[in-house]
Amino acid sequence: MGAAESGVNKGKSSALKNENLSSMSNFSPNYILKLKERFERGSDDYCLDKSALKQFFKCSDRECDVLMDMFDMDGNGSIDSYEFVCALSLMSHANLDDKAELIFNLYDFDRSQSISKDELTVLMANVMASLKSMEGQKPPTIQEIEQKTDELFLKADTNKDKQISLKEFKTYIKGDK
Ligand SMILES: [Ca+2]
Ligand SMILES: [Ca+2]
């Protein structure tokens with residue numbers, strides 16, 4: 001069980017082993033948030049296929065192939081924006097504090113400045129799918145996701161108000177060994 005708990009750091013180090021990705025891992029948190037906005041404006045179902053990806057990044061075919069390999073979890077030829085930005089944020093060089101804030105903002109869907117359990121479930125589903133994909137494993141099951149979400153929520157919501165504040169989230173991310 002310990003392995004998945006250190007998922008954020010582990011995902012980063014395994015991603016960094018892939019030198020193809022080094023040129024794509026320098027996005028700042030602000031840039032990634034802007035990418036997310038572009039995704040949301042550009043596509044109703046938040047998915048990108050390879051040609052859209054190429055246009056989006058103005059990158060080479062080879063770079064597109066690398067991105068597709070990384071993020072197309074189910075191999076259907078298109079990429080979900082949240083999987084994408086999440087994986088991107090995990091392998092970016094931003095410090096842990098910025099990364100925590102970025103992830104928090106990405107998944108605070110209703111802009112309530114707190115993460116509800118539903119929002120956390122989506123976050124965990126994306127993070128776990130990204131990490132498992134990076135490690136060449138099968139996607140997580142619903143049960144695995146729910147179990148992890150419950151565990152994390154319990155630990156992170158230190159004042160027990162059923163919401164995770166940014167401060168709680170950062171404390172949790174930084175304290176998670
Ligand atoms: Ca919220
Ligand atoms: Ca709380």
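This is a predicted model: local features need pLDDT of at least 70, side-chain atom pairs count only at pLDDT 80 or more; totals for chains, interfaces and linings use all residues.

So, on one side of this contact, in α8, you've got Lys117, Leu120, Thr121, Met124, Ala125 and Met128, and they meet Glu144, Ile145, Lys148, Thr149, Leu152 and Phe153 in α9. Sort the residues of that α8–α9 contact by type and you get 7 nonpolar, 2 polar and 3 charged.

Now, how do the two helices sit? Helix α8 covers residues 117–134 and helix α9 covers residues 142–156, and their axes come within 9 Å, crossing at roughly 120°. That angle is why we call α8 oblique to α9. As for handedness, the α8 and α9 crossing is right-handed.

Which loop holds Arg111? Arg111 is in the loop between α7, residues 96–107, and β3, residues 114–115. Arg111 isn't a glycine, yet its phi is positive, about 55°. Gln113 is also placed in the loop between α7 and β3, and Gln113 has a positive phi of about 65°, again without being a glycine.

Are they buried or exposed? Arg111 is exposed, because it has 7 other C-beta atoms within 10 Å. Gln113 has 11 C-beta neighbours inside 10 Å, so Gln113 counts as exposed too.

Last thing, confidence. The protein averages a pLDDT of 71, with 54% of the residues scoring at least 70. Among the elements, strand β4, residues 164–165, has the highest mean at 97, while helix α2, residues 7–16, has the lowest at 40. Over residues 1–25 the pLDDT stays under 50, and the model has 28 contacts beyond four places in sequence for that stretch.

Note on methods
Residues are numbered from 1 along each chain as its sequence is written. Chains are lettered from A and ligands numbered from 1 in the order in which they are written. Axes are lines fitted to C-alpha atoms, for helices over the stretch in contact, and angles run from 0 to 180 degrees between N-to-C directions. Helices (H or I, at least four residues) and strands (E, at least two) are DSSP runs, numbered from the N terminus. Angles under 35 degrees count as roughly parallel, over 145 as roughly antiparallel, 65 to 115 as roughly perpendicular and the rest as oblique. A crossing is left-handed if the near helix is turned anticlockwise from the far one by less than a right angle, and right-handed if clockwise. Two residues are in contact if their C-beta atoms, placed from the backbone, lie within 7 Å. Ala, Val, Leu, Ile, Met, Phe, Trp, Tyr, Cys and Pro count as nonpolar, Asp, Glu, Lys and Arg as charged, and the others, Gly among them, as polar. pLDDT is the predictor's confidence in each residue, from 0 to 100. A residue is buried if 20 or more other C-beta atoms lie within 10 Å of its own, exposed if 12 or fewer, and partly exposed in between; C-beta atoms are placed from the backbone.
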